[in-house]
Amino acid sequence: MEDWNMKIIVTKDYEESCKVVAGFLIQQVQKIPESKLGLATGGTAEGVYPILVEACRQGEVDFSKVTTVNLDEYEGMDPDSEQSYLTYMNKRFLIPAGIDSTKAYVPSGMNDPEKEIALFNEKLYGDDHLIDIQLLGIGVSGHIGFNEPAEELTAGVHIQKLDEGTIQANSRFFENPDDVPREAITMGVGDIMKAAKIVLIATGENKASVIRKLLMDDQITSSVPATVLKMHRDATIVIDKSLAESAGWKD
Ligand code: GLP
């Protein structure tokens, strides 16, 4: 029988969550070496990549045949800068895991937006191979990718104006809060929902209120974009005990 409910995994701590999430990705690639991986940046995902790289070094998994597509990038961000998601991905995963740059796509925030949206769609759909597994974080606003709360959500790739809360939360990665870009290019919620499997990792007390809305009621609302995951066939939410407690979640 098909299970339409999100699966919730509560781990003892963030480190354990990273191991669980990395395990999903490793299993996928062990099963299908040519998998298409949807990847995420952000502070929470940071702990997942070293586990993947280590597994690769140990010969447990080989990433050389995968293709990857990242969720998003800030508009106006120079791909060569320290804060770019390309730099993040290259440093933490793509280069140490031996993934050829021609097989990895991180959107550019420097290109003409219309051209970049077309290229993004080409990477998502041009090879007739939908994403096999999508890694997600969640923003304090409840965003997935950079799909911010709004009256209406956008299904496809688009340019998104960022929430004040997101700008504030992400200012920790910049020298000056004014340096945080105000817009981003992102997969839409429809693109994310097309992934065969979704794994979302969250940690930290500041995520408690959105995690509560994601796990503890039956509402799907554009004011918490992550709640669309309640409609996905195979979505797993991985949180640690401390976040589960702050959110009031009980198994
Ligand atoms: C970032 C990214 C998201 C990420 C989320 C959570 O801004 N665009 O893809 O999942 O916000 O980030 P963090 O893990 O740093 O809280």
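Predicted model: local features only at pLDDT ≥ 70, side-chain atom pairs only at ≥ 80, totals over all residues.
## Strand pairs, rings and contacts

Biologist: What makes β6 and β9 a pair of strands?

Modeller: A strand is a DSSP run of E with at least two residues, a helix is a run of H or I with at least four, and both are numbered from the N terminus. Two strands pair if DSSP finds at least two bridges between them; β6 and β9 (residues 197–202), which run parallel, are joined by 4 bridges, so they meet the criterion. On another pairing of β6, with β2, there are 2 bridges, again in the parallel sense, and there Gly38 stands opposite Gln134.

Biologist: How do you know that both faces of β6 are covered?

Modeller: Buried means under 20% relative accessible area, exposed means over 50%, and partly exposed lies in between, computed with a 1.4 Å probe on protein chains only. Ile133 and Leu135 on one side of β6, and Gln134 and Leu136 on the other, are all buried, so both faces count as covered.

Biologist: In what order do the strands of the open sheet run, and what makes β1 and β5 its edges?

Modeller: The open sheet has 7 strands in the order β1-β10-β9-β6-β2-β3-β5, with parallel pairing. β1 (7–11) and β5 each have a single partner strand, so one side of each is left without a neighbour in the sheet. β5 (residues 104–105) pairs with β3 in the parallel sense over 2 bridges, with Thr68 opposite Ala104.

Biologist: What makes Tyr49 and Tyr88 an aromatic pair, and of what kind?

Modeller: Rings of Phe, Tyr and Trp (its six-membered ring) pair if their centres lie within 6.5 Å, and planes under 30 degrees apart count as stacked, over 60 as edge-to-face and the rest as tilted. Tyr49 and Tyr88 are 6.2 Å apart centre to centre with 85 degrees between the planes, so they form an edge-to-face pair. Tyr49 lies in helix α2 (residues 49–57) and Tyr88 in helix α3 (residues 85–94), so the pair ties together parts that are 39 residues apart in sequence.

Biologist: How do you know that the charged end of Arg92 sits over the ring of Tyr88?

Modeller: A charge sits over a ring if NZ of Lys or CZ of Arg is within 6 Å of the ring centre and within 35 degrees of the ring normal. The charged end of Arg92 is 4.2 Å from the centre of the Tyr88 ring, and it is listed as sitting over that ring.

Biologist: What makes the side chains of Thr166 and Glu148 a polar contact?

Modeller: A polar contact is a pair of N or O atoms within 3.5 Å; within protein, one must be able to donate a hydrogen and the other to accept it, and residues adjacent in sequence count only if both atoms are side-chain atoms. The side chains of Thr166 and Glu148 make such a contact at 2.6 Å.

Biologist: Which residues are closest to the ligand?

Modeller: Of the 15 residues that surround the ligand, the closest are Gly43, Thr44, Asp72, Asn170 and Lys207, where a residue counts if one of its heavy atoms lies within 4 Å. An N or O atom in the side chain of Thr44 is 2.4 Å from an oxygen atom of the ligand, and a polar side-chain atom of Asn170 lies 2.8 Å from a ligand oxygen atom.

Methods. Residues numbered from 1 in each chain as written. Heavy atoms only, no water.
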